[in-house]
Amino acid sequence: MKAEVYSITYRIPLTDAQQARLDRKWPDGDPFISCERIESLLEPLPVEDLYWSDHTGQFLYFTVRGDDIEGTVAEVIERL
């Protein structure tokens, strides 16, 4: 039996300024920068469980699932 990596959870540290930008909200309470916007920046990664919280420290968390995680991560890194 061979085990394969199918998902990886990333934790990226945020600066105070980045955390403040992610915490900004519109007057109606919706986030100024949505999860959908962040996910679109990470395309073509199949991103799930995207969140950030000052309760767990200043980090952006997201999980990538799929069969070619290394390939898609490399694509995104090249583009950035």
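**Labels and their cut-offs**

Mentor: T63 touches S7, I8, T9, P46, V47, E48 and D49, leaving aside residues up to four places away in sequence; contact means heavy atoms within 4.5 Å. Keep in mind that this is a predicted model, where local features need pLDDT of at least 70, side-chain atom pairs count only at pLDDT 80 or more, and totals for chains, interfaces and linings use all residues. Residues are numbered from 1 along each chain as its sequence is written, and side-chain values use heavy atoms, with hydrogens and water left out.

Trainee: Why does T63 count as buried?

Mentor: Buried means under 20% relative accessible area, exposed over 50%, and partly exposed in between (1.4 Å probe, protein chains only). T63 has 5% relative accessibility, so it counts as buried.

Trainee: What joins the side chains of T63 and T9?

Mentor: A polar contact of 2.9 Å. The term asks for a pair of N or O atoms within 3.5 Å; within protein, one must be able to donate a hydrogen and the other to accept it, and residues adjacent in sequence count only if both atoms are side-chain atoms.

Trainee: And D49, buried or exposed, or partly exposed?

Mentor: D49 has a relative accessible area of 44%, so it is partly exposed. D49 also has a positive phi of about 55° although it is not a glycine. Most residues other than glycine have a negative phi.

Trainee: Which aromatic pair do W26 and F32 form?

Mentor: A tilted one, at 4.7 Å centre to centre with 45° between the planes. Rings of Phe, Tyr and Trp (its six-membered ring) pair if their centres lie within 6.5 Å; planes under 30 degrees apart count as stacked, over 60 as edge-to-face and the rest as tilted.

Trainee: Why is the pair of F59 and Y61 tilted?

Mentor: Their ring centres are 6.1 Å apart and their planes at 55°, so this pair is tilted. Both F59 and Y61 are buried, whereas W26 is partly exposed at 45% and F32 is partly exposed at 35%.

Trainee: How many residues of each class are in the lining of the largest pocket?

Mentor: The lining has 11 nonpolar, 1 polar and 1 charged residues. Ala, Val, Leu, Ile, Met, Phe, Trp, Tyr, Cys and Pro count as nonpolar, Asp, Glu, Lys and Arg as charged, and the others, Gly among them, as polar.
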